[in-house]
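Please look over the sequence and the model together before reading on. The paragraphs after them are meant to be followed with the structure open.

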Amino acid sequence: MANTMARSFLQAVASEEVTPPLRVVQMEGLAVLKIIKHCKEFSPALVTGQLLGLDVGSVLEVTNCFPFPIREDDEEIEADGANYQLEMMRCLREVNVDNNTVGWYQSTLMGLYQTVELIETFMNYQENIRRCVCIIYDPSKSNQGVLALKALKLSDSFMELYRNNEFNGEKLREKKVTWVDIFEEIPIKVSNSALISAFMTELEPDSPVAQCDFDRLQLSTSSFMERNLEFMIECMEDLSAEQNKFQYYYRNVSRQQAQQQAWLQKRRTENMARKAAGEELLPEEDPSNPIFKPIPEPSRLDSYLINNQIANYCNQINGVAGQNFSRLYLMKALHEN
């Protein structure tokens, strides 16, 4: 009986430790407005801040946030930034505000956020927080009439490869990790309390059409398209440079294999002569010979990130172009009527 109770207790503890996958990021409207205000005030400079909330089952609740001071390349300033974060957390705890860190937010320019620095920040957060997200806000894209807010996390398979620094072709094929498997986008749900919703209803204007509705009909989005195309061309050039690295690597591997075969053929001929003379045979492998030293394969991480960035630019161009066509057809119909 005691063994059965102990076994059931251990099974219950084990089941509690199994964390359900993250399904949605639920953000308070106040936190969303704080992020937008902070990012727009300093645009085009990039800013970042801390996300606070609760991790409840498959939902990550973001209830509050605060901005980080702008960092510079100075150790003293970075130390002041760390002290600032601790002081902010202490002050929030004193006024009974959620002070549990659930991630961070950062602004971006034209959707440029797939960087090694973002991955390293994720790995640093993962050391202390089991589940964390990064909220990305793009003020330049929001000017086109959409709320450019997304929640990202690293996939488990990619984090395992990154910890072991295994970004060669063999490991990537073995784990079946492609460039689309680096980041996972989590749906965002904006929620408000009933009191705030009632207050927002009172603030709604009597007119059914506001100025922001007319702003969405602007036809001049050529500058946004041009900048996306310029950035995408730069990414294509970077991708071409990465491909040249791999071509150089494979040429060196082929050259080394040819040298190894020539050396091996020479050694075998020499051993046949030594065998005929009754002498001791020489080994057919010589680790001290530089031609047997393996050539390190370049990391594929940079090319994966560049592919992600190119896909992001293509999606942005596709989305803006589709909206432009809709506006043009709408204006055409209005002119005909």
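Predicted model: local features only at pLDDT ≥ 70, side-chain atom pairs only at ≥ 80, totals over all residues.

Residues are numbered from 1 along each chain as its sequence is written, and side-chain values use heavy atoms, with hydrogens and water left out.

The sheet is open and has eight strands, in the order 7-6-5-4-2-3-1-8 and with mixed pairing; strands here are DSSP runs of E with at least two residues, helices are runs of H or I with at least four residues, and both are numbered from the N terminus. Two strands are taken to pair if DSSP finds at least two bridges between them. At the edges lie strand 7 (183-186) and strand 8 (188-191), each of which pairs on one side only. On average, neighbouring strands of this sheet are turned by 35 degrees against each other, with direction ignored, the axes being lines fitted to C-alpha atoms and angles running from 0 to 180 degrees between N-to-C directions, with helix axes fitted over the stretch in contact. Strands of a sheet pair through backbone hydrogen bonds, either parallel or antiparallel. Strand 2 (residues 48-56) and strand 3 (residues 59-67) run antiparallel and are joined by eight bridges, and D55 has L60 in strand 3 as its bridge partner.

Helix 6 (residues 156-164) has F158, M159, L161 and Y162 buried, where buried means under 20% relative accessible area, exposed over 50% and partly exposed in between, with a 1.4 Å probe and protein chains only. Seen down the axis of helix 6, these buried residues fall within an arc of 165 degrees, so they line one face of the helix; the arc is that of the directions from the helix axis to the C-beta atoms. The face turned away from this buried side carries the exposed residues D156 and R163. Among the elements covering the buried residues are helix 4 (116-126), strand 6 (149-154), helix 7 (169-175) and helix 11 (301-336), with contact meaning heavy atoms within 4.5 Å. Just after helix 6, N165 takes a positive phi of about 55 degrees.

E242 lies in helix 10 (residues 222-276) and is buried, with a relative accessible area of 9%. Not counting residues up to four places away in sequence, E242 touches S299, D302, S303 and I306. The C-alpha atoms of E242 and R300 are separated by 8.5 Å, although these residues are 58 residues apart along the chain.

N308, in helix 11, is buried with a relative accessible area of 12%, and N308 touches Q114, W179 and I182, again not counting residues up to four places away in sequence.
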